[in-house]
Amino acid sequence: MIWETVRLAIQAIFRNALRSILTVLGIVIGVAAVIAMVTVGQGSSDQVTADVEKLGTNVLMVLPGAGRMGPGNNSVSAALEMRDIKALIDQLSSVRTAAPYNQTTLNAVYGTEDTRTSVAGTDARYLDVVDWPVVLGRSFLPTEENSGRAVCIIGETVRQELFGNTNPVGETVRLKNVACDVIGLLEAKGASSFGTDQDDIVLMPIKAFQRRVTGSTDISMIYVAASESVSTDRAVVDIEMLMRERRRIGDGEEDDFNVRDMKQLASMLTGITNVLTGLLSAVAAVSLLVGGIGIMNIMLVSVTERTREIGIRLAVGATANQVLLQFLVEAIVLSMIGGIVGILLGLGLAAVAANIMVIPFSPNPAIVAIAFLFSAAVGVIFGYFPARRAARMDPIEALRHQ
Amino acid sequence: MADDTPVIDLRDVTKIYGHGEAEVRAMDGVNLTVAPGEFVALMGPSGSGKSTAMNMIGCLDSPTSGDYLFNGVHVGALDQTQRALLRRNYLGFVFQGFNLLARTSALDNVELPLIYKGLPAAERREQALDALDKVGLKGREHHDPSELSGGQQQRVAIARALVGDPQLILADEPTGNLDTKRSLEIMELLDKLNADEKITIVMVTHEEDMAAFAHRVIWMVDGRVERSGSHDEVFNHERRGS
Ligand SMILES: Nc1ncnc2c1ncn2[C@@H]1O[C@H](COP(=O)(O)OP(=O)(O)OP(=O)(O)O)[C@@H](O)[C@H]1O
Ligand SMILES: [Mg+2]
């Protein structure tokens with residue numbers, strides 16, 4: 001009997017296709033919105049996690065300045081030095097390697113082409129810390145690092161801007177007034193989870209950068225790779241102790257430097273993404289509710305429109321419960337169809353969005369299942385009232401209805 | 001059931017619509033019995049309470065006062081669901097306006113009562129095809145009502161009334177929307193069902209020619225049964241009276 005009822009419901013739904021489409025539009029849009037939001041949100045979370053993993057979860061950054069992140073931090077504190085890097089590597093077993101990193105933005109010029117790009121002073125160890133291979137040419141040689149010779153390794157975006165698809169190695173680019181020989185090309189990385197293009201970069205040896213570009217021997221940041229064998233938390237503690245000692249910070253005093261863990265940064269970013277996803281999904285869920293009210297509305301109209309049909313059914317021996325069940329099943333089947341269409345539409349939208357945003361397409365089966373059940377529940381809740389109205393009709397009145 | 005138990009037994013049935021000034025006595029102390037196998041025509045001027053009586057007999061309505069016994073069972077004591085079951089198992093309806101489901105094939109229309117009986121699909125189909133055959137609509141099973149003539153639509157409605165193997169068919173002005181030729185065909189069909197299948201028939205009609213098919217004519221005026229007897233008795237009296 002229940003299959004019969006479902007079959008009848010499907011028949012009734014297709015007998016009036018246009019009305020059915022209008023009825024479920026709200027559900028379709030609501031479900032599609034929720035699914036698309038959650039899937040895109042999940043995708044960008046996954047992207048952040050993947051980025052951090054690519055960067056290495058054991059990567060730490062040491063920066064001068066008080067411990068807190070963010071604004072209101074204007075205390076002047078001593079810069080970092082090359083000797084700090086040597087000390088970190090030599091004295092701490094929890095530090096595998098470390099590299100300086102100073103950054104600025106400059107115009108890079110090659111022939112008639114020019115592009116504004118990030119220029120960083122560092123050394124070969126940086127590529128080790130962040131695990132970034134050179135795909136054409138080579139990395140810095142110790143002699144180049146020590147002599148202060150102007151050589152550089154460029155990112156894929158800079159190559160495209162200045163050289164197109166040709167081999168840049170051996171060419172000379174001008175950075176400010178410095179003629180710089182290109183010795184290598186970095187592997188393309190794409191956009192970071194912060195949205196910046198990581199390939200829009202020129203790396204120089206730190207010494208050359210200090211002398212020719214900034215004219216100061218300060219180090220503004222140290223990248224540290226923690227040893228594989230220890231936890232990053234342990235490495236953070238070790239680095240903090242050593243740096244306090246080196247910078248002669250007394251026992252009750254606050255740090256005048258800051259050790260950042262990429263994992264913290266990642267979880268902060270994922271946190272923001274999750275909150276945003278949650279908020280948008282809540283808005284979308286409200287639209288599902290509105291969709292449910294839409295179903296009720298049109299089911300009520302449908303019940304009125306089909307008064308005569310209900311009268312006929314009652315006259316040929318349908319019980320009130322059978323009529324109730326029929327309309328209820330119709331509402332449920334209708335909203336489940338809406339749910340399925342919405343899920344497919346939502347996944348489609350998410351796939352397109354993921355493609356455009358260059359993030360992974362991460363459909364979540366649990367959310368899909370919940371959306372489906374929710375749409376069925378909407379059918380039950382908002383289909384009940386119209387169905388009850390149908391079941392309570394007086395057969396004589398119903399038969400007389402025009 | 002004993003043979004002498006009437007199918008229909010209305011005892012002093014009154015039906016009042018509205019209150020006070022607007023009160024209408026659609027049925028006013030109607031006493032009426034119909035024996036199994038009878039073919040009865042219910043006649044009378046417009047507003048005399050024929051349709052009200054049919055609804056009462058069809059267990060679609062309940063009396064304001066008085067009793068209705070169907071096969072000796074007090075219908076007043078049945079709840080809504082039991083009445084639906086009674087309609088399903090013992091009654092068939094034929095209406096003036098055919099009352100077929102639109103955009104639904106003749107076959108599906110005829111199957112409708114069997115769906116509520118819970119018959120499996122194959123059996124439903126077989127019985128519905130059989131009923132359509134009986135009313136002479138073989139080959140029209142898959143036509144929509146909109147693709148059928150009035151006479152054919154009424155045949156579908158009769159097939160639907162017939163398919164559940166009812167004891168009683170109630171037809172309220174079954175030929176009211178048809179021309180004389182089609183009307184006579186429908187009457188012949190009803191007459192045949194009454195004769196061959198032993199189905200009791202109560203029919204409302206305004207036309208003497210149609211009433212002539214019935215064994216007995218009941219003449220209602222103002223909610224009361226004024227006369228009951230053979231076609232000739234009732235109409236000779238009417239003619240003398242007018
Ligand atoms: N639901 C109702 N509410 C109020 N009055 C009603 C209702 N149904 C019928 N009546 C009244 O009851 C009386 C009998 O109506 P009924 O429909 O039984 O007449 P009828 O003999 O079938 O007439 P007709 O030949 O025109 O079909 C009429 O006066 C009608 O107006
Ligand atoms: Mg009438």
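**The shell around ligand 1**

Tutor: Let us begin with the ligand. Helix 1 of chain B gives the most to the shell around ligand 1, with three residues. Please keep in mind that this is a predicted model.

Student: Which residues are around ligand 1?

Tutor: From chain B they are B:Tyr17, B:Gly18, B:Val24, B:Ala26, B:Gly44, B:Ser46, B:Gly47, B:Ser48, B:Gly49, B:Lys50, B:Ser51 and B:Thr52.

Student: How does the radius of gyration of chain B agree with that of a compact globule?

Tutor: The general idea is to compare the chain with a rule based on its number of residues. For 242 residues a compact globule would have a radius near 18 Å, and chain B, with 18 Å, agrees with this. Its C-alpha atoms fill a box of roughly 50 × 40 × 40 Å along the principal axes. Eight helices and ten strands make up the secondary structure of chain B, and 46% of its 242 residues count as buried. Of the contacts in chain B between residues at least 6 apart in sequence, 69% join residues at least 24 apart.

**A sheet in chain A**

Student: In what order do the four strands of the open sheet in chain A stand?

Tutor: Strands of a sheet pair through backbone hydrogen bonds, in either a parallel or an antiparallel sense. In chain A the order is 2-10-1-11, with antiparallel pairing. Strand 2 (95–100) and strand 11 (257–261) of chain A each have a single partner strand, so one side of each lacks a neighbour in the sheet. From one strand to the next, the twist averages 20 degrees.

Student: How many bridges join strand 1 and strand 11 of chain A, and what packs on the sheet?

Tutor: Strand 1 (residues 59–64) and strand 11 of chain A pair over five bridges, and A:Val62 stands opposite A:Val259. Helix 9 (residues 262–305) of chain A packs on the sheet, touching both strand 1 and strand 11, and its direction makes about 65 degrees with that of strand 11.

**Where the chains meet**

Student: How many residues of chain A and of chain B are in contact?

Tutor: The contact involves 16 residues of chain A and 18 residues of chain B. On the chain A side, helix 10 supplies the largest share, four residues. That side holds ten nonpolar, three polar and three charged residues.

Key. Residues numbered from 1 in each chain as written. Chains lettered and ligands numbered in written order. Predicted model: local features only at pLDDT ≥ 70, side-chain atom pairs only at ≥ 80, totals over all residues. Contact = placed C-beta atoms within 7 Å. Helix = DSSP H or I, 4+ residues; strand = E, 2+ residues; numbered from the N terminus. Nonpolar A, V, L, I, M, F, W, Y, C, P; charged D, E, K, R; others polar. Near = placed C-beta within 6 Å. Pairing = 2+ DSSP bridges. Axes fitted to C-alpha atoms, helices over the stretch in contact; angles between N-to-C directions. Rg over C-alpha atoms; globule rule 2.2 N^0.38 Å. Buried ≥ 20, exposed ≤ 12 C-beta atoms within 10 Å, placed from the backbone.
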